[in-house]
Amino acid sequence: MSPIVFVSLGPGEADLITLKGLKVLQTADCIFYPATILKEGAVSSRALDIMMELDIDPKKTIPFHVPMSKDRSPAIDAYNRVSEEAVQQYLLNLKVAIVAEGDAGFYSSIHYIFDTLVKQNIRVEHIAGIPAFIASGALAGIHIVKQEEELNVIPGIISASSLIDKINSGKVVVIMKVSQCQDAVKECISAIPTATFHYFENVGVKEKEYYTCDTQEIISRKFPYFSLMIIHQ
Ligand code: SAH
């Protein structure tokens, strides 16, 4: 039986998937992808947008809805359902893929599905991809870390004082999910005028991509879900 393959799609620009990932999607029998149901009832899925740009047959794509609540249990239920469905297809000897944005093993909640399958002794494979912060560094033309510098990647749950301490310790800081700590970041911008704050939204996504290192612009902006920051002292 073919393993269930976790394919990393890259941050948003279709061309940033790997050839290995693309080949798996082209030959898969079914592809599970994460989607969000918006308040108005519309369905939004960056993963599907990327696959459509890559000309993947929509008939073999199957959405799973990831609830966006703070309570993790509805999301866990959704992941358990996907695991079961994926196993059913796998046992029919079909080629199954499960996709994630960026890299599937980097702050990616679908790794929960991966772990569930491993526990059941199902064969799985993870195809590496370009995480959003790497694509962001390239967009801004910055050298994210050089020589002896250390990188600290954090998930957006931080106070202004802890963030200030990290930056003052000389580490380069990447903040994922920066929308969750925008007040702390804005306070930090005023507190450390010598630091450079590189702010990104929707990297690689046509007409939505945005980058600035102008602190006034950052302060006036409301950070969306697909935003992140790279900070250099
Ligand atoms: N697996 C992804 C990270 C998922 S966590 C990766 O490898 O990059 C979700 C967070 O990733 C978002 O809140 C945002 O901080 C960041 N992100 C993902 N795609 C992005 C994009 N295209 N532009 C900016 N930030 C992005």
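Which residue forms a salt bridge with Lys 206, and how far apart are the closest N and O atoms? I looked it up: the partner is Glu 53, and the closest N and O atoms are 3.3 Å apart. I note that the model is predicted.

**Entry: the Glu 53 pair**

I placed both ends next. Glu 53 lies in helix H2, residues 46-53. Lys 206 lies in the loop between S9 and strand S10 (210-212). The pair therefore ties together parts that are 153 residues apart in sequence. Glu 53 is partly exposed, at 47% relative accessible area. Lys 206 reaches 62%, so I list Lys 206 as exposed.

**Entry: domains**

I looked up the division of the protein. Domain 1 covers 4-127 and domain 2 covers 132-232. Their C-alpha centres lie 27 Å apart. To the contact, domain 1 gives 9 residues and domain 2 gives 13 residues.

How much area is buried between domain 1 and domain 2? I found about 960 Å². Carbon and sulfur atoms give 64% of that area. On the domain 1 side, I noted the residues that lose the most area to domain 2: Arg 46, Phe 106 and Tyr 107. Together they make up 59% of what that side buries.

I also asked about charges here. How many salt bridges does the rule find across the interface of domain 1 and domain 2? The rule finds 1.

**Entry: other salt bridges**

I searched the whole structure and got 5 salt bridges.

Glu 201 forms a salt bridge with Arg 221, and the closest N and O atoms are 2.8 Å apart. Glu 201 lies in strand S9, whereas Arg 221 lies in the loop between H8 and S11, so this pair ties together parts that are 20 residues apart in sequence. Is Glu 201 buried or exposed? Glu 201 counts as buried, because its relative accessibility is 6% and the cut-off for buried is under 20%. Arg 221 is partly exposed, at 27%.

Lys 146 pairs with Glu 149 in another salt bridge, with the closest N and O atoms 3.9 Å apart. A pair counts when the nitrogen is within 4 Å of the carboxyl oxygen, so this one passes. Lys 146 counts as partly exposed at 41% relative accessibility. Glu 149 also counts as partly exposed, at 32%.

**Entry: helix H7**

I turned to helix H7, residues 182-191. Which residues of this helix are buried? My list reads Gln 182, Ala 184, Val 185, Lys 186, Cys 188 and Ile 189. I found helix H6 (160-168), strand S8 (172-175), strand S9 (196-201), H8 and S11.

**Entry: a surface patch**

Last, I looked for nonpolar side chains on the surface. Met 68, Tyr 225 and Phe 226 form a nonpolar patch there. Together they have about 320 Å² of accessible area. Where is Tyr 225 placed? I found Tyr 225 in the loop between helix H8 (215-220) and strand S11 (227-232). Tyr 225 is partly exposed, with a relative accessible area of 47%.

Technical notes: Residues are numbered from 1 along each chain as its sequence is written. This is a predicted model: local features need pLDDT of at least 70, side-chain atom pairs count only at pLDDT 80 or more; totals for chains, interfaces and linings use all residues. Side-chain values use heavy atoms; hydrogens and water are left out. Patches are made of residues with over 30% relative accessible area and no salt bridge: like charges are joined within 9 Å, nonpolar side chains (Val, Leu, Ile, Met, Phe, Trp, Tyr) within 5 Å. Accessible areas come from the Shrake-Rupley method with a 1.4 Å probe; for residues, only the protein chains shown count as cover. Helices (H or I, at least four residues) and strands (E, at least two) are DSSP runs, numbered from the N terminus. Buried means under 20% relative accessible area, exposed over 50%, partly exposed in between (1.4 Å probe, protein chains only). Domain bounds come from an automatic or database domain assignment. Contact means heavy atoms within 4.5 Å. Buried area is the accessible area (1.4 Å probe) that two parts lose on being put together, summed over both.
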